[in-house]
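Here is a short report for a reader meeting this structure for the first time. Keep the sequence and the 3D view at hand while reading.

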Amino acid sequence: MSRELSTVRVRPRGRVNRRLLGSLVAVVAMSGAVGLAAGPASAAQTCTGAADSNLCLAINRLDNGLFAVHVGIDVHMSLDRAQEYIDDPGDPLRVTIRGDDSGKLAEFLFTVPLTALGASAGFGLSGDFDTVVTGNALNEDSGQDEVRAVVTLIDTDTNTVDATFVSNRITGNWP
Ligand SMILES: [Ca+2]
Ligand SMILES: [Ca+2]
Ligand SMILES: [Ca+2]
């Protein structure tokens, strides 16, 4: 957190009361999810950068004590094929968060709803997913927890799972 605090300190002096300071730190912590190497339980993000897709999982502790869980994926494919998935009825990408025990997918913890879906020539089929959960929802073991996002690509015409993507894991100590 030292970098966030030093950022706050260079702001104009005398006007930063305690409450404002707290909200500034929270904003910096959230917007810095990509670049800051903060503690795993406060702000963490990991991306696979795989050849066929890029799957990112981020977990950020909010200042109300809850956790914002974000998943983003690009499944590399042609624009036409991506548009076909989008034109079908229902969500072609679905996300569940699972516990990881010794590298194996263990408990089902919760689903993450789709918040944005797009097709592009550069990235293929892209989806964003967001939810806010309690620490208890991420608590898959007593003591340290490891969680992963699992994304399924579904042809909703035939209700077929065309592919499954698994994120890297994020480690925390919830709740
Ligand atoms: Ca575990
Ligand atoms: Ca477990
Ligand atoms: Ca735990």
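## The end of the chain

Proline 175 lies in the segment after S10. A cis peptide bond links tryptophan 174 to proline 175, and its omega is about -5°.

Threonine 134 is in contact with Pro175, and also with Leu66, once neighbours within four places in sequence are left aside. Threonine 134 sits in the loop between S7 and S8. Is threonine 134 buried or exposed? Threonine 134 counts as exposed, because it has 12 C-beta neighbours inside 10 Å. Arginine 61 is 73 residues from threonine 134 in sequence. In space, the C-alpha atoms of these two residues are 9.6 Å apart.

## Model and confidence

This is a predicted model. The mean pLDDT of the protein is 83. A value of 70 or more is reached by 77% of its residues.

One stretch needs care. Over residues 1-41, pLDDT stays under 50. For these residues the model has 33 contacts beyond four places in sequence. Where pLDDT is low, the predicted coordinates should not be read in detail.

## Overall layout

The protein has three helices and ten strands. Along the sequence, the pattern reads α-α-β-β-β-α-β-β-β-β-β-β-β.

There are 175 residues in the protein, and 27% of them are buried. Take the contacts between residues at least 6 apart in sequence: 56% of them join residues at least 24 apart.

## The five-strand sheet

What is the strand order of the open sheet of five strands? The order is S1-S2-S3-S7-S6, and the pairing is antiparallel. Strand S1 (43-47) and strand S6 (114-120) stand at the edges. Each has a single partner strand, so one side of each is left without a neighbour in the sheet. On average, neighbouring strands of this sheet are turned by 10° against each other, direction ignored.

S3 and S7 run antiparallel and are joined by nine bridges. Valine 69 has threonine 131 in S7 as its bridge partner. H3 packs on the sheet and touches S6 and S7. The direction of H3 makes about 145° with that of S6.

## Strands around S4 and S8

S4 and S8 run antiparallel, with seven bridges between them. Isoleucine 97 has alanine 149 in S8 as its bridge partner. Glycine 99 stands opposite valine 147 in S8.

With strand S10 (residues 170-172), S8 pairs in the antiparallel sense over three bridges. Here valine 147 stands opposite isoleucine 170. With strand S9 (residues 160-166), S8 pairs in the antiparallel sense over six bridges. Valine 150 has valine 166 in S9 as its bridge partner.

## Two hairpin turns

S4 and S5 pair in the antiparallel sense over six bridges. Aspartate 101 stands opposite lysine 104 in S5. The two strands form a hairpin with two residues between them. Serine 102 is in this turn, and its phi is positive, about 55°. Serine 102 is a residue other than glycine. It counts as exposed, because it has 6 C-beta neighbours inside 10 Å.

The hairpin of S8 and S9 has four residues between the strands. Asparagine 159, in the loop between S8 and S9, has a positive phi of about 55° although it is not a glycine. Why does asparagine 159 count as exposed? It has 8 other C-beta atoms within 10 Å, and a residue is exposed if that count is 12 or fewer.

## The nonpolar core

The largest nonpolar core holds 28 residues. Which of them touch the most other members? They are Val71, Ile73, Ala149 and Val151. Several elements give two or more residues to this core, among them strand S2 (53-61), strand S3 (67-75), helix H3 (79-87) and strand S8 (145-155).

Valine 151 touches Leu55, Val71, Ile73, Leu93, Val95 and Phe165, with residues up to four places away in sequence not counted. In soluble globular proteins, nonpolar side chains tend to be buried together.

Key:
Residues numbered from 1 in each chain as written. Chains lettered and ligands numbered in written order. Predicted model: local features only at pLDDT ≥ 70, side-chain atom pairs only at ≥ 80, totals over all residues. Core = buried A, V, L, I, M, F, W, Y, C linked by C-beta atoms within 7 Å. Buried ≥ 20, exposed ≤ 12 C-beta atoms within 10 Å, placed from the backbone. Contact = placed C-beta atoms within 7 Å. Pairing = 2+ DSSP bridges. Axes fitted to C-alpha atoms, helices over the stretch in contact; angles between N-to-C directions. pLDDT = per-residue confidence, 0-100.
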